[in-house]
Amino acid sequence: MKVNFEAAWDEVGDEFEKEETFTLSTIKTLEEAVGNIVKFLGMHACERSDKVPDNKNTHTLLLAGGLRGGHDILVRSWLLLLDTVTMQVTAQSSEELPVDIILASVG
């Protein structure tokens, strides 16, 4: 768990930062998207970002976690609800492998 996600994000730096966009074609609400992303990635939501405010069509989910071998990873997931949910995922770590694993698992 990261108490201050932005501070942790800045501390890691962007050397191994990668970003991809995905369409979640079977998901119809931001709440469903957030729940599925947290469960699928097995990461912890930071700063209560797992709570989607009512009547919003965009949301930012902040996640922190670790991979086997002691690799910390941070994920910022920007969600947009139109007919389906579009998710822009930005992941960063102090090493490249955790970032590649997270993006490959989502894609």
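User: Which residue in S4 is the bridge partner of Leu-63?
Analyst: The model is predicted: local features need pLDDT of at least 70, side-chain atom pairs count only at pLDDT 80 or more, and totals for chains, interfaces and linings use all residues. Residues are numbered from 1 along each chain as its sequence is written, and side-chain values use heavy atoms, without hydrogens and water. Strand S3 covers residues 58-67 and strand S4 residues 71-81 (strands are DSSP runs of E with at least two residues, helices runs of H or I with at least four, numbered from the N terminus). In S4, Leu-63 has as its bridge partner Val-75.

User: How many bridges join S3 to S4?
Analyst: These two strands run antiparallel (two strands pair if DSSP finds at least two bridges between them). Along this pairing, Thr-60 stands opposite Trp-78, and Ala-64 has Leu-74 as its bridge partner. The number of bridges joining S3 to S4 is ten.

User: Which residue takes a positive phi in the hairpin of S3 and S4?
Analyst: Three residues lie between the two strands of this hairpin. The positive phi is near 100°, and the residue that takes it is Gly-69.

User: How many residues lie between S4 and S5 in their hairpin?
Analyst: Strand S5 spans residues 85-92 and pairs with S4 in the antiparallel sense over eight bridges. Within this pairing, Leu-80 stands opposite Thr-86 in S5. The number of residues between S4 and S5 in the hairpin is three.

User: Which residue in S3 stands opposite His-44?
Analyst: S2 and S3 form an antiparallel pairing over two bridges. Strand S2 comprises 44-45. In S3, the residue opposite His-44 is Ala-64.

User: Which strands stand at the edges of the sheet?
Analyst: The sheet is open and antiparallel, with five strands in the order S1-S5-S4-S3-S2. An edge strand has a single partner strand, so one side of it is left without a neighbour in the sheet. The strands in that position are S1 and S2.

User: Which residue meets Arg-76 in a salt bridge?
Analyst: The structure holds four salt bridges (a side-chain nitrogen of Lys or Arg within 4 Å of a carboxyl oxygen of Asp or Glu). In one of them, Arg-76 has a partner at 2.7 Å, N to O, namely Glu-6. Arg-76 lies in strand S4 and its partner in helix H1, so the pair ties together parts that are 70 residues apart in sequence. The residue that meets Arg-76 is therefore Glu-6.

User: How far apart in sequence are the parts tied together by Asp-100 and Lys-18?
Analyst: The side chains of Asp-100 and Lys-18 meet in a salt bridge of 2.5 Å, N to O. Asp-100 lies in helix H3 (residues 96-106) and Lys-18 in strand S1, so this pair joins parts whose separation in sequence is 82 residues.

User: Which residues are linked with Lys-18 in a network of salt bridges?
Analyst: Lys-18 is partly exposed at 27% relative accessibility, and Asp-100 is partly exposed at 31%. The residues linked with Lys-18 in the network are Glu-96 and Asp-100.

User: Which residue meets Asp-50 in a salt bridge?
Analyst: Asp-50 is partly exposed, with a relative accessibility of 34%. The N to O distance is 3.9 Å, and the partner is Lys-51.

Notes
Buried < 20%, exposed > 50% of the residue type's maximum accessible area, 1.4 Å probe, protein only.
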